[in-house]
Amino acid sequence: MRVTRSRTAALAAAAIMLSGGCGGSSSGGAKGADADRFSVALTEPDHLTPGNTSSDYSITVLDTLFETPVSIDAAGGRPVMRAAESVTSTDQKVWTIKIRQGGVFSDGEPVTAQSFADSWNATAYGPNGWTNNYYFANIEGYDKLNPANGDPSTDRLSGLKVVDDHTLEVTLTAPFSQFPITLAYIAFAPMPKAAFADLKAYDQAPVGNGPFVLDGAWEHDRQIKVKRSPSYNGERRAKAGAVTFRIYAGRDTAYTDLRAGRVDLLTTIPPASTAEAQRLLGDRFLRTPDGTMDYLGFPTFDKRFASRDLRRAFSMAIDRKAIVDAVYDGAFKPMASLLAPLVPGYRENACGEACAYDPAGAKALFDQAGGFSGTLTLWFSNADPSYEQWMTAVANQLKQNLGISDIKLRKVPASDYLSSLRERKEDGPYRNNWVMDYPSPQDYLEYMWGAGNRMGWENKEFDDLIKQADSAPGLDASLPLYQKAEDVALAEMPMIPLWNWQNQVGFSTRISGVDVTPYSKNLYAISVKQG
């Protein structure tokens, strides 16, 4: 889940599949047009408007229907041009985006600079209430579209200037070196003029500029079909003729169907089934890195958790590897960094001894900090059974290694969890999760440890370093500054890094070219074997 600002929908992106019913039967033995179609297991999306969803399930579909200005190179985590021809700036504040000529929406309308401006304005317009609104908060004029009181005085960002059909000028409120990377996120996709005639209808049947188009109606809780776009002329030309997204209520059921050949691709094999999947699927099993991280946060606004030595003692008392092995069958990676390994600027052991399992050292530091009296309550949501399993393991380790005898588990309904944290109702350490939006240290550090963070932690040195990094002349210049900010946060430890998720991917014998990355499922590259 997203733990700061307004991104409540990201809880769904990090949780196990929650809704929907098993859809359809085996795609094997298909005849005619469907012989070039493959199926993908999915959970029911919440929306199909690019600016109104941060759900990974929705984005999986939208990635086939839309093309953002840039994408992310899986090898280096750097931006690669897609719908844009170039993204440039001389001062990191005023950016010029050249839109690739010849791009069209699937309804035939040309993709222009105005297409992007219209989409971004709609997302930034407060009364629309779209999930990705805050991604545009650093563009000039955002405040007028989102006033603290009353109605907006305009529905256009003053920082967006359509210079000509293929040139969009963006003026930010301050220099921001990471801006090109953010343009890979689905919120920055364009929308055609027809969308604005009926936004609710468009959400059910979006028209995009990507390699696929919708193939029939969105059959809620059952399936979504797409087919190769005849008008797409970009670099992601679809190799298969069509894709069916089958909607499942849970990934255990999806995994059963994968084994039985009733679905062709599952990118979220349950961690507990990893060993079996490797054995059964062989080279059709892939493990890919992920940007998602789990943490244990502290309510530092509670004086009982004000001591950094106490917080560091908790970190040293947790055996991350033992928990990962027991709960996730070794599928996740224990972490000693606030960043995921695939993020530029990641350092494998940035945390040092504070993240190393050391029961004796933890107890000595715990006693030095004055210990802990009263009931220790550990908070987590009920979105996934594994959350209670690892929180129980943490409780047992804190009892054994620190001598805290009175520990309670507080399991909160997933629908209430984020609001509880926003309202600072937690009275003890809590499960914190981050789903990467784009591969930048800023995406992790500023949003989780910066101003207004859920922990109530404040540190001027950290905030100043983030500002310096944001305004650096480019990505390479920003990384040392972000790393210094990470060092400050790790020294204070208001939130403990625990482990990095890994994707467990499996696919059927019917398809080839599977290339799932942390940034895209790359469904356009998959071929269906014939014969």
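Predicted model: local features only at pLDDT ≥ 70, side-chain atom pairs only at ≥ 80, totals over all residues.
What span should the 18 residues of helix H12 have at 1.5 Å a residue, and how far apart are its end C-alpha atoms? The expected span, taken as 1.5 Å times one less than the number of residues, is 26 Å for residues 385-402, and the end C-alpha atoms lie 26 Å apart, which agrees.

Residues are numbered from 1 along each chain as its sequence is written, and side-chain values use heavy atoms, with hydrogens and water left out. Helices (H or I, at least four residues) and strands (E, at least two) are DSSP runs, numbered from the N terminus.

Let me stay with H12. Among the buried residues of H12 are Tyr387, Trp390, Leu398 and Asn401, where buried means under 20% relative accessible area, exposed over 50%, and partly exposed in between, using a 1.4 Å probe and protein chains only.

Why does Asn401 count as buried? Its relative accessibility is 9%. The side chain of Asn401 has a polar atom 3.0 Å from the backbone oxygen of Ala317, and it also joins the side chain of Tyr357 through a polar contact of 3.3 Å; such a contact is a pair of N or O atoms within 3.5 Å, where, within protein, one must be able to donate a hydrogen and the other to accept it, and residues adjacent in sequence count only if both atoms are side-chain atoms. Leaving aside residues up to four places away in sequence, Asn401 touches Ala317, Tyr357, Pro359 and Lys363, contact meaning heavy atoms within 4.5 Å.

Turning to strand S10, residues 242-247, six of its six residues are buried. Ala242, Thr244 and Arg246 point one way, and Val243, Phe245 and Ile247 the other. S10 pairs with S1 in the parallel sense over six bridges, and with S9 in the antiparallel sense over five bridges, given that two strands pair if DSSP finds at least two bridges between them. Val40 stands opposite Phe245, and Gln223 opposite Arg246.
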